[in-house]
Amino acid sequence: MSLQEKKIIQYFRQIDRSFYMNTDKDMAHMDLAVSIGHGQTISQPSLVAKMTITLDLEPHHRVLEIGTGSGFQTDLLAAFSNEVYTVERIEALHERAKEKLAQAGFENITFKLGDGSAGWKEHAPFDRIMVTAAASVIPPALLEQLAPGGKMVIPVGSPNSQELTLVEKDADGSVSSTVLGSVAFVKLHGAYEQEDDLGG
């Protein structure tokens, strides 16, 4: 286990997950995804830790997060990188996460209410990209906004069958991907999703 991995695990264990939950706080200690309303969930803690470690964060990194959700994953990203740009499409979650992360003392997070599948072109490129909703295919906009030498962690697949995928872009711009295992995430909505997959 690397020193960075040890630091992330140590920090992760100190986070009070219930702080980012507005209901079902009695389930905060369980290693389960829990509803946060609006058809969204706060992810399973062990999976949040795994995805964060896989992203291989460094203190100078600029990170794009797609799906702010509760702000729980954002907390971890902001603690181990220089800047986090996070996008959420549901206004109530966007506002609540902004409030919670400000209360937690973070000053290196920039928030956007909008279509996460489009990324955040104005602030690209990003050293790391974390996607917390399942895409039917990897959105081209996110690949374009990933810096050479960058890494992206994203669930890819249908609502019933998804694979957590590590996407890496070489210095020359070539892209490779590695499947890390089966997962179950809420669906990514947006313009860069497949047209026949759009829904409410």
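In this predicted model, 7 strands form an open sheet in the order β5-β4-β3-β6-β7-β8-β9, with mixed pairing, where strands are DSSP runs of E of at least two residues, helices are runs of H or I of at least four residues, and both are numbered from the N terminus; two strands count as paired if DSSP finds at least two bridges between them. The edges are β5 (109-113) and β9, each of which pairs on one side only. Neighbouring strands of the sheet are turned by 15° against each other on average, direction ignored, with axes fitted as lines to C-alpha atoms, for helices over the stretch in contact, and angles running from 0 to 180 degrees between N-to-C directions. Residues are numbered from 1 along each chain as its sequence is written. Because the model is predicted, local features need pLDDT of at least 70 and side-chain atom pairs count only at pLDDT 80 or more, whereas totals for chains, interfaces and linings use all residues, and side-chain values use heavy atoms, with hydrogens and water left out.

Both senses of pairing can be followed within the sheet. Strand β6 (residues 126-131) pairs with strand β7 (residues 146-158) in the parallel sense over 4 bridges, and Arg128 stands opposite Lys151 in β7. Strands β8 (residues 161-169) and β9 (residues 175-183), by contrast, pair in the antiparallel sense over 8 bridges, with Gln162 opposite Val183 in β9. In the hairpin of β8 and β9, which has 5 residues between the strands, Gly173 takes a positive phi near 95°.

The helices can be taken next. Helix α2 (residues 45-54) and helix α3 (residues 72-79) pack at an angle of about 30°, with their axes 10 Å apart, and they are therefore roughly parallel to each other, a term that covers angles under 35 degrees. Their contact (heavy atoms within 4.5 Å) is made by Pro45, Val48, Met51 and Thr52 of α2 and by Phe72, Gln73 and Leu76 of α3.

As for the whole protein, its secondary structure comes to 5 helices and 9 strands. Its radius of gyration is 16 Å, close to the 16 Å that the globule rule gives for 200 residues, so the protein is as compact as a globular protein of that length; the radius is taken over C-alpha atoms, and the rule is 2.2 Å times the number of residues to the power 0.38. Along the principal axes, the C-alpha atoms fill a box of roughly 45 × 40 × 30 Å.

Methods: Parallel < 35°, antiparallel > 145°, perpendicular 65-115°, else oblique.
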